[in-house]
Amino acid sequence: MSTNKSEKLPEFKFSLNNQKARVLKDGWAKEATVKDFPVSKNIAGVLMALDSGGLRELHWHANAAEWGFVISGNVRTTIIDPEGRYEYNDFKAGDVWYFPRGHGHSIQGLGPEGTTFMLVFDNGAFSEFATFSVTDWLAHTPREIVSKNLNVDEGELSGLPDKEAYIVHSSEKSDLKISDAPPLTHKYELLSQKPFHEHQGGKLWLVSSNEFPISATMTGAILHLNPGALRELHWHPKADEWLYVISGKIRMTEFASSGLSSVSELCENDIGYSPMGYGHSIENIGDDECKLLIVFNSGVYEEISLSAWLSSNPEELVSANLNLPLETVRKFHRRESFIISENKK
Ligand code: MN
Ligand code: MN
């Protein structure tokens, strides 16, 4: 369900369940880009699954950095930077990676059961024009140049795919020695850390460039809300917010100024979007704990919450502004609440 008070507002919700998957033998991918979800101009997402040995082939993204969160299973990545330094990493559920824009990388599902992960890009249009895969490149380069470049005879290249392979199968055996490691790691074990916020109503784990310096353009979070809990009304001064419902059911409000607002209900596999500066809130309206993946297109995390704002002002000012008696204003939360649990103390 989604209700917009005005036709002037876009949809702030998109269901990945309605999106057709790109299915290959060893994995699949489903994407949400600005093409299908117009409000998401600055952030796009791809949900991907790889079987054990399934390899998302060597590629780079010309117009976006990639932020990954492992939902289940085990994954191995390889990445090179422009100085020729490289890193291999193994990830488990709850871990995060960050690949700077343009850096060449690969992603492989590991045993026993492969993996499912969410990729988030800091450009809503990342997909259509700008993923560069190694097989696509070599297939569309004159064979004599490929042969010269790789130092082999053209006859030895008959196995090269004639178009983008996208996902292939590879053994898990890798020669994991690193001769020239980059100064900043691409891996962060998000859910192994202490939560950034812990309240009666839920928990938030957060990873910005403070905790994970290579993640210069993106911040990620996992939010767990108990039934009835409210992530209070707030806004982000310098970032758009993209969220994915891993499990549960939420109600999301958006305020776009000038009397324009919207309320949407999201469930598992739905994506929500809050443009920079829009006032918003998230409430768990299901019977179970809900789990959300949230990503911002800034390496610096900033927010202002309604309760922090109101409580930072004189009571008389708030009373006059809201046309409410002083004794009512005095019952308001005295500082930022962040997550408000269902039961009033
Ligand atoms: Mn990628
Ligand atoms: Mn927010």
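Both His 236 and Glu 241 are buried, where buried denotes under 20% relative accessible area, exposed over 50%, and partly exposed the range in between (1.4 Å probe, protein chains only). The structure is a predicted model, in which local features need pLDDT of at least 70, side-chain atom pairs count only at pLDDT 80 or more, and totals for chains, interfaces and linings use all residues. Residues are numbered from 1 along each chain as its sequence is written, chains are lettered from A and ligands numbered from 1 in the order in which they are written, and side-chain values use heavy atoms, with hydrogens and water left out.

Donors are here N, O and S atoms within 2.8 Å of the metal (3.2 Å for Na, K and Ca); water is not among the atoms, so sites may look incomplete.

The manganese ion (ligand 1) is coordinated by His 59 (NE2), His 61 (NE2), Glu 66 (OE) and His 105 (NE2), at distances of 2.0 to 2.2 Å. The spacing of the donors of ligand 1 is H-x1-H-x4-E-x38-H. His 59 lies in strand 6 (residues 54–61) and His 105 in strand 11 (residues 105–109), so this pair ties together parts of the chain that are 46 residues apart in sequence. Both His 59 and His 105 are buried.

The overall architecture was examined next. The chain has 6 helices and 27 strands; helices (H or I, at least four residues) and strands (E, at least two) are DSSP runs, numbered from the N terminus. With 345 residues, a compact globule would have a radius of gyration near 20 Å, and the 23 Å of the chain agrees with this. That radius is taken over C-alpha atoms, and the globule rule is 2.2 Å times the number of residues to the power 0.38. The C-alpha trace spans about 85 × 40 × 35 Å along its principal axes. Of the 345 residues, 46% count as buried. Among contacts with a separation of 6 or more, 75% involve residues 24 or more positions apart, contact meaning heavy atoms within 4.5 Å.

The chain exposes about 17,000 Å², of which carbon and sulfur atoms supply 52%. Accessible areas come from the Shrake-Rupley method with a 1.4 Å probe; for residues, only the protein chains shown count as cover. There are 33 positive and 47 negative side chains, and the centres of the two sets lie 4 Å apart. Lys and Arg count as positive and Asp and Glu as negative, whereas His and the chain ends are not counted; the place of a charge is taken as NZ of Lys, CZ of Arg, CG of Asp or CD of Glu.

Leu 230 is in strand 19 (residues 230–235) and, at 27% relative accessibility, counts as partly exposed. Not counting residues up to four places away in sequence, Leu 230 touches Ser 281, Ile 282, Glu 283, Phe 338, Ile 339 and Ile 340. Ser 281, in strand 24 (residues 279–284), counts as buried at 6% relative accessibility. With neighbours within four places in sequence left aside, the contacts of Ser 281 include Leu 230, Arg 231, Glu 232 and Leu 233, together with Arg 251, Met 252 and Thr 253. The C-alpha atoms of Ser 281 and His 105, 176 residues apart in sequence, are 36 Å apart in space. Ile 339 also lies 8.6 Å from Glu 198, C-alpha to C-alpha, although 141 residues separate the two along the chain. Glu 198 is in strand 16 (residues 197–199) and counts as exposed at 52% relative accessibility.

Several backbone features occur in loops. Most residues other than glycine have a negative phi, and most peptide bonds are trans. The peptide bond from Gly 111 to Pro 112 is cis, with omega near 0°, and Pro 112 lies in the loop between strand 11 and strand 12 (115–121). Asn 151, although not a glycine, has a positive phi of about 65°; Asn 151 is found in the loop between helix 3 (143–150) and strand 14 (167–169) and is exposed at 70% relative accessibility. Ser 258, likewise not a glycine, has a positive phi of about 55°. The loop between strand 21 (249–255) and strand 22 (261–267) holds Ser 258, which is exposed with a relative accessible area of 67%.
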